[in-house]
Amino acid sequence: MARVTDTGRRLAWGAARLAPIVVLLAAWEIFARSGAVTPFMLPALSTVVERIYEDAAGGDLFLNTGVTLYRALAGFAIAAGGGVVLGAAMARNRAARWFFDPLISVGFPMPKIAFLPIFMLWLGLYDVSKISMAVFNAIFPVITATIAAAEGVDRQLLWSARSLGASERQLLREIILPAALPQILTGLQVALPISMIVMIVTEMLMGGQGLGGAMIAASRFADSPGVFAGIVEIAIAGLCLVKGISVLRRHLLAWHQEAQEPTTV
């Protein structure tokens, strides 16, 4: 009985969290059909949904979504691996910290999308340049989160392990990275939406296949339903990515105290 009650509460809470979205969508449909704006300025939600269905039936939706997710996730994966390795090296090695710290300090706050013309000149207009832009933008929060996490590990744990004869590699693999994992995952949760955002912007500016490219192509032909359909598709794809990494975080941190706390994700 208690389990059924708990399940009912979770379902009720999930429905309550969806209420603002339902209200927003209903307001969109009502306002668009009220005559206050033209269908070109704001097509009705039902029209946009119909356009998304047409894109799905024709295969364009799945092709563009797949291409965008492939590029965004590839860039994120490279940024995640490289950022954790570089961040751990900077936290544990003075020479690496001396060399890379000024570069990270300058590059982190810089609007890195400004480098897109350089990437286009160097790498062309295809997947390599787009994925590279995602890596270049997403790697910085991973590096900084890894540095902060590695430096925040309890010193007594490190001293105890060293007194027992642990090597630097063992310290890193068995103590530092597990202890730093929650904060590293936080950095990854920041990096993943950045990778997705940068990919959409890059596709808009460079064209070609992908959600961003399809959306900007629709705008060039004054296809208002196509533009708003692209916005909805991008929002759903981004939401799925964010929810996915949240589930992964809970799985990887099943041993951590935060897994025992209530979550709104």
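What separates F136 and F140 in helix α6? Being four residues apart, they are separated by about one helical turn.

The model is predicted, so local features need pLDDT of at least 70 and side-chain atom pairs count only at pLDDT 80 or more, while totals for chains, interfaces and linings use all residues. Residues are numbered from 1 along each chain as its sequence is written, and side-chain values use heavy atoms, with hydrogens and water left out.

**Figure 1. Overall view of the protein.** The secondary structure comes to 10 helices and zero strands; helices (H or I, at least four residues) and strands (E, at least two) are DSSP runs, numbered from the N terminus. The C-alpha atoms fill a box of roughly 75 × 65 × 30 Å, taken along the principal axes. Of the 265 residues, 37% count as buried (buried means under 20% relative accessible area, exposed over 50%, partly exposed in between, with a 1.4 Å probe and protein chains only). Among contacts between residues at least 6 apart in sequence, 70% join residues at least 24 apart, where contact means heavy atoms within 4.5 Å.

Figure 2. The structure holds six aromatic pairs. Rings of Phe, Tyr and Trp (its six-membered ring) pair if their centres lie within 6.5 Å; planes under 30 degrees apart count as stacked, over 60 as edge-to-face and the rest as tilted. F108 and F140 form a stacked pair, 6.2 Å centre to centre, with 20 degrees between the planes. F108 lies in the loop between α4 (94–107) and α5 (116–123) and F140 in helix α6 (residues 127–151), so the pair ties together parts that are 32 residues apart in sequence. F108 is partly exposed at 37% relative accessibility, whereas F140 is buried, with a relative accessible area of 7%.

**Figure 3. Close-up of the surroundings of F140.** The rings of F136 and F140 have centres 6.0 Å apart and planes at 70 degrees, so this pair is edge-to-face. F136 counts as partly exposed, at 23% relative accessibility. Ring pairs link F108, F115, F119, F136 and F140 into a cluster. The charged end of K112 sits over the ring of F140, 4.8 Å from its centre; a charge sits over a ring if NZ of Lys or CZ of Arg is within 6 Å of the ring centre and within 35 degrees of the ring normal.

**Figure 4. Close-up of the α2–α10 crossing.** The axes of helix α2 (residues 45–58) and helix α10 (residues 224–252) come within 9 Å and cross at roughly 80 degrees. Axes are lines fitted to C-alpha atoms, for helices over the stretch in contact, and angles run from 0 to 180 degrees between N-to-C directions. α2 and α10 are therefore roughly perpendicular to each other (under 35 degrees counts as roughly parallel, over 145 as roughly antiparallel, 65 to 115 as roughly perpendicular and the rest as oblique). On α2 the contact is made by T47, V48, R51, I52 and D55, and on α10 by P225, G226, F228, A229, V232 and E233. These residues divide into six nonpolar, two polar and three charged; Ala, Val, Leu, Ile, Met, Phe, Trp, Tyr, Cys and Pro count as nonpolar, Asp, Glu, Lys and Arg as charged, and the others, Gly among them, as polar.

Figure 5. A222 lies in the loop between α9 (211–220) and α10. Phi of A222 is near 55 degrees, a positive value in a residue other than glycine. A222 is partly exposed, with a relative accessible area of 45%. S224 is found in helix α10 and counts as buried at 7% relative accessibility. Not counting residues up to four places away in sequence, S224 touches P39, F40 and P43.
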